[in-house]
Amino acid sequence: MEHAARSSDPRQSGDFATLCQHYGEHRLAHGGGAAPPIYQSSLFVFPDAEAWAARDRPNAPHFMYTRRANPTTAILEAKLARLENGTWCRCFASGMGAITTALGALLSADTHVVVVNDCYSPTRTYLTTYLARFGVTTTFVRGTDPLAFVDALRDETRAIYLESPTTGRMDVIDLAPIVATARQRGIVTLFDNSWATPYFQRPLELGIDLVLHSATKYIGGHSDTVGGVVVGRDEMLRQKINAEGELLGASADPFAAWLLIRGLRTLPLRMEQHQKTGLAIARLLAEHPAVSRVYHPGLPTYANHAIARKQLHGYGGLFAFTLRDQSQAAVHRFMDRLRVFSIGVSWGGFESLVVAGDASELFAPDPDQPQWIIRLHCGLEATEDLVNDVRQALEE
Ligand code: PLP
């Protein structure tokens, strides 16, 4: 089966790093500027009435209005489509803008969606409180058993929404059986690839229909912008996402798009460093007596490590673990003792971050759930400084 195959190693194919620098850029059309201009314009004028009349035709050469499309954003979209090995991309004002638009475009009253249990929690809220108001029903499934996704499908299922690794317990989902069934039954698969980025994982090559990103994370990489992405290959899906995106209006701002183009230039370098430090800290934690469990798909002891090795070509710097002492006081003590890691939400930037949460508030009820889960994002500080910081914070 084509979609069961391992994706080509994105780090090598088409030389990813070179594409990040040059793909989609037409410098001589912009006065030769090495960096593209920011088209900070809400509207674009037409040369004549004939061009105006042709404005809605497919591939019409003229930009019209930035909520629909913008030349700076178009550079980012071309680059991301190529990096994910898709044929089209639409950028959004945030990851949630991308997620809500894509799901909203596919679901309507009396339809059903199957969703991985530990998905980003606002995605869960959107489905269970917002789309539920319009008659959409959702079934949540733990990511460790691919057949459970297949079993959860109904006649009215229109979409399967996945994240792999998941937010929280970092479940890696075995995609082959899920995409095979979804293809047979005409169900659209969506995949949040924010954690791995196209540098480490290309879900379209594994048979997924739509790849989503919070570009706020690794694509931006500097904790200074918010953005979202949807990439695909199917023309009908492109039209649906574009129409829904333009209507709902969560379109990317050109300055944010420009910052994201800049972020992409260093994505390969940054991802290598996030991976290196993340693995070093995960190994330290795995051997530490104060730690009960480490949720990092790169550890050989990790439940779905074999699937991780099949689908991923590397690992992001975000992962979770639990302390043996499951009291809130122990968790807070660990957080307060950290000196280089700051306490803060989000991830994917240059700076290392820690957050902790009561898992029962984050995920759907599940017996295999610890109470307190601590999440680390390993940033771009020196690996040794971060390893030492975690080590000293664990000391009594
Ligand atoms: N997906 C994942 C996995 C996330 O962690 C986040 C945000 O933290 C989002 C999507 C939402 O992205 P944004 O904050 O850009 O709306």
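Student: Why does D110 count as exposed?
Tutor: D110 has 62% relative accessibility, and exposed means over 50% relative accessible area, buried under 20% and partly exposed in between (1.4 Å probe, protein chains only). D110 therefore counts as exposed. This is a predicted model, in which local features need pLDDT of at least 70, side-chain atom pairs count only at pLDDT 80 or more, and totals for chains, interfaces and linings use all residues. Residues are numbered from 1 along each chain as its sequence is written, and side-chain values use heavy atoms, with hydrogens and water left out.

Student: Where is D110 found, and what is its phi?
Tutor: D110 is in the loop between α4 and β2 (112-116); helices (H or I, at least four residues) and strands (E, at least two) are DSSP runs, numbered from the N terminus. Its phi is positive, about 70°, although D110 is not a glycine.

Student: Why is N85 called partly exposed?
Tutor: The relative accessible area of N85 is 30%, so N85 is partly exposed. N85 lies in the loop between α3 and β1 and has a positive phi near 60°.

Student: What makes D234 partly exposed, and where is its place?
Tutor: D234 has a relative accessible area of 35%, so it is partly exposed. Its place is in the loop between β7 (228-232) and α9. D234 and T87 are 147 residues apart in sequence, while their C-alpha atoms are 7.9 Å apart in space.

Student: Which bond joins S164 and P165?
Tutor: A cis peptide bond, with omega about -5°. P165 is in the loop between β4 (157-163) and α7 (175-185).

Student: What makes a space a pocket or a cavity?
Tutor: On a 1 Å grid over the protein atoms alone, a cavity is a set of points where a 1.4 Å probe fits but cannot get out, and a pocket is an open set with protein on both sides within 12 Å along at least five of seven lines; lining residues have an atom within 4 Å of a point. Volume is the space filled by probe spheres set on the points. The largest pocket has a volume of about 1,000 Å³. Of the 31 residues that line the largest pocket, N59, R68, A69, R238 and N242 are the closest to its centre. α9 (235-248) is one of the elements that supply at least two residues to this lining, and α9 gives the most, six residues.

Student: How many cavities of 30 Å³ or more are there?
Tutor: Two. The largest cavity has a volume of about 50 Å³, and its lining includes T66, R68, A69 and E77.

Student: How do you know where the second largest pocket lies?
Tutor: Domain 1 (10-265) and domain 2 (267-393) both give residues to its lining, so the second largest pocket lies between them; the domain bounds come from an automatic or database domain assignment. Its volume is about 680 Å³. Among the residues closest to its centre are Y120, T167 and W347.

Student: Which residues surround the ligand?
Tutor: Among them are Y120, T167, S214 and W347; a residue is near a molecule if one of its heavy atoms lies within 4 Å of it.
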